Every structure is written in structure tokens, then in C-alpha cells.
Amino acid sequence: MRAEKPQSGWKVLLVLFALPLALYWLVPIAARLLLGIGIEAPQWAVPLVTGARPQKAPPPAMARPLDALPAESTGGFDGARAWEHVRQQVTFGPRPPGSEASRRTQEYIRERLKDYGCAIEEDSFTASTPVGRVEMRNLVAKIPGESKSVVLLLTHYDTMTGENFVGANDSGSSTGVMLELARLLCSTKRQLTYWIGFMDGEEAYGVWSDVNGTFGSRQMAAKLALSGELQQIKAVILADIVGERADLLRFKRESSSTPWLIDIIWDTAKRLGYGQHFVADETPIEDDHIPFIRRGVPAVDVIDLEYAHWHTPQDTLDKVCARSLGMVGHVLLESLPAVEKRGWSKAKKQ
Ligand SMILES: [Zn+2]
């Protein structure tokens, strides 16, 4: 009798521990087999097999590319692709200069430009900032044209230093637009040469001033002035914060920008039916175009600073609209012939 007691205890143990354990292992194996032959495992078993979390409905932001205008209606510029570039940047997290996320962003830009067949020049420099010396890097895609005269398209890819600030619109949006423009421009030879500059260090550390902010564009303008190449640049077209919801998107004429360049872009927008987004009001904004304006290079800033989430942690991907990116890309692309014409006639006079 005494000998039977431990035996029944062993059976109880088996039922209490071994059986659930066996089930724990058998269920995933069975589920894997079932999945393998195309039969859906019960939803609760999927994470056991794949390690994945149960699928939830995708967040609304993921639906944004569907809002994009078809590329056929925007001169080939694909707003959904531009939006995807924004999404990728945001996945790297906050991207202040010198950070690991900044390095990953540079790598992303570099890889896309290589995909599109663009030649790339990089300038690594150390900026003196209010928080000390910071490593920064500008990347420039260079697309040779028939003339050496240059149209320089610009964006900044750094984000403001701040906790949880991922800068989806400021300025993941314009960086996405410039990458999509690179896809279209790098495979063609136009009358003028195109450079597409991805600037680091646009954002200030604390209070904005002439020497705090626009580190990348000041570096580029100064370097080009030194080498003498600055005089090749016939126009600078800067985009910044361009992905606001289409029903709120509103660009004002920036007061320091060169009037003939503003006119070309605003007239093109009107002609394409986007007149309500490019309004006649004026506003002064200091941005990456200023170092070029100060050196006498015609420049324009296409920026929507009425964005409610500007410089807040709410500047997230769900605020960025593929439709808006498509419209802005379309306007910039369709403005280029007139910009080239003006740049070409000026180039001949020199
Ligand atoms: Zn900013």
C-alpha cells in the first residue's frame, strides 16, 4: 500500500505538470504543421509558432499611401513612394546630427540615391554649436545636364533635438519628396545640371540665430563660394515641412525668397489646379535658403509653417499626407522647365 502512494502521486504530478508542458510544445508544433500545409491555425496559436504578436488592424497612418494621387496624374511623381521614404525615416527615431539614427538616415538616403543611379558627393564637417562641436554630414546627388549651370534642390534631413521628436513633417516630408525627385531626375539628362542637397543641422540648439541653425546649408554655401562653384548655381529650390494634410496644406510666399522663383512655382501650382495651397499672403521665414540668398544666389523656400504640430512630439507619421507630397512633387517637377529657361538665359549672358 505504501508503495502505491508515491505512484499515484507521480500520476498526479504528470497530469499537473507534464501534460500542460507537452501541450505547450505540441500545440505550436501542430500549429506549425497546420500552417505549413496551408490550414490556418487558431489565432491564439499563431504567436506561439511565429513569435509574432496577434495582428491588430493597421493604424490609420498606414492607409495614407492610398490617399496619394496616382503618379500618372502628377507628372510621374509618386506621392506614395515619397510617403514611404518618410515612413522609413521615422522608423529610425529622432535624427539629430551625430546620432546613430542620423547615420542610419544617411545610409538610407545614400542607398536610395544609388538605386536611382545618382552620383553622390558627401561633405563631413564639424559644426560649432551651443552644445559644443557636433559631427554633421551633407549629402548631394549630382546629375549632370547639358550645361554646367546648376539648379539646386534642397531639404534638411536632421530633426530638432528633443525627446520623442521624430520630425515626420519637419522634415521627413521634404526629404521624401527630394528622394522621389531624385528617382525621376537621376535617370534623365536635362538642359541644366541638377544637384539635390540633403542638408544636416538645419535645426537650432535652443534659440535660433544667424549662427545657431542652418549649419549644413551655411557649410555648403561657404564651401561652394570658396571653390568658385557658387556662381554656377542659378536657382535654389528649398522644400521644408511640405506633408501637412491636404485640406490644411497652405504655402505662403516667403518674403526673403527671390520673386521670379516664387512666381514660377506659384504660377505652376495654379496652372496644375493647386492654387488654393499656394496662396498670395507673405511671411518671413529663416531657413536653409538664406545662406544662398545672402551670397546673391536666387532661392525660394516652399514651407508650410502653419503646421499645428511643428516642433512638438506630435509631428508624427499620421500627420503626413501622401496626397500633399504628390502635389508638392508635381509642382516642383513642372516648375523646372521655366526655372531652367530663366537659368539658361542668365547663364548665356555671363
Ligand atoms: Zn524644424
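In helix α3, the buried residues include Gly79, Arg81, Ala82, Trp83, His85, Val86, Gln89 and Val90, a residue being called buried if 20 or more other C-beta atoms, placed from the backbone, lie within 10 Å of its own. The structure is a predicted model, in which local features need pLDDT of at least 70 and side-chain atom pairs count only at pLDDT 80 or more, whereas totals for chains, interfaces and linings use all residues. Residues are numbered from 1 along each chain as its sequence is written. Helix α3 (residues 79-91) has 13 residues and spans 19 Å from its first C-alpha to its last, close to the 18 Å expected at 1.5 Å a residue, where the expected span is 1.5 Å times one less than the number of residues. Gly93, with a positive phi near 85°, follows α3.

The protein as a whole has nine helices and eight strands, defined as DSSP runs (H or I, at least four residues, for helices; E, at least two, for strands) and numbered from the N terminus. Of its 350 residues, 43% count as buried.

Six strands form an open sheet in the order β1-β2-β4-β3-β5-β8, with mixed pairing; two strands are taken to pair if DSSP finds at least two bridges between them. The edges are held by β1 (119-129) and β8 (299-303), each of which has a single partner strand, so one side of each is left without a neighbour in the sheet. From one strand to the next, the twist averages 20°. Strand β2 (residues 132-143) pairs with strand β4 (residues 193-199) in the antiparallel sense over five bridges, and Lys142 stands opposite Trp195 in β4.

Helix α5 (residues 168-185) lies across β2, β3 (150-156), β4 and β5 (233-240), and runs at about 145° to β3, with angles taken from 0 to 180 degrees between the N-to-C directions of axes fitted to C-alpha atoms, for helices over the stretch in contact. Helix α7 (residues 259-271) also packs on the sheet, where it touches β5 and β8, and its direction makes about 45° with that of β8.

The largest nonpolar core contains 74 residues, of which Val151 and Val236 touch the most other members; such a core is a set of buried Ala, Val, Leu, Ile, Met, Phe, Trp, Tyr and Cys residues joined through C-beta atoms within 7 Å. Helix α9 (residues 322-349) supplies the largest share of this core, nine residues. Beyond its neighbours within four places in sequence, Val236 is in contact (C-beta atoms, placed from the backbone, within 7 Å) with Leu152, Leu154, His289, Phe292, Val297, Pro298 and Ala299.

Methods: A residue is buried if 20 or more other C-beta atoms lie within 10 Å of its own, exposed if 12 or fewer, and partly exposed in between; C-beta atoms are placed from the backbone. Two residues are in contact if their C-beta atoms, placed from the backbone, lie within 7 Å.
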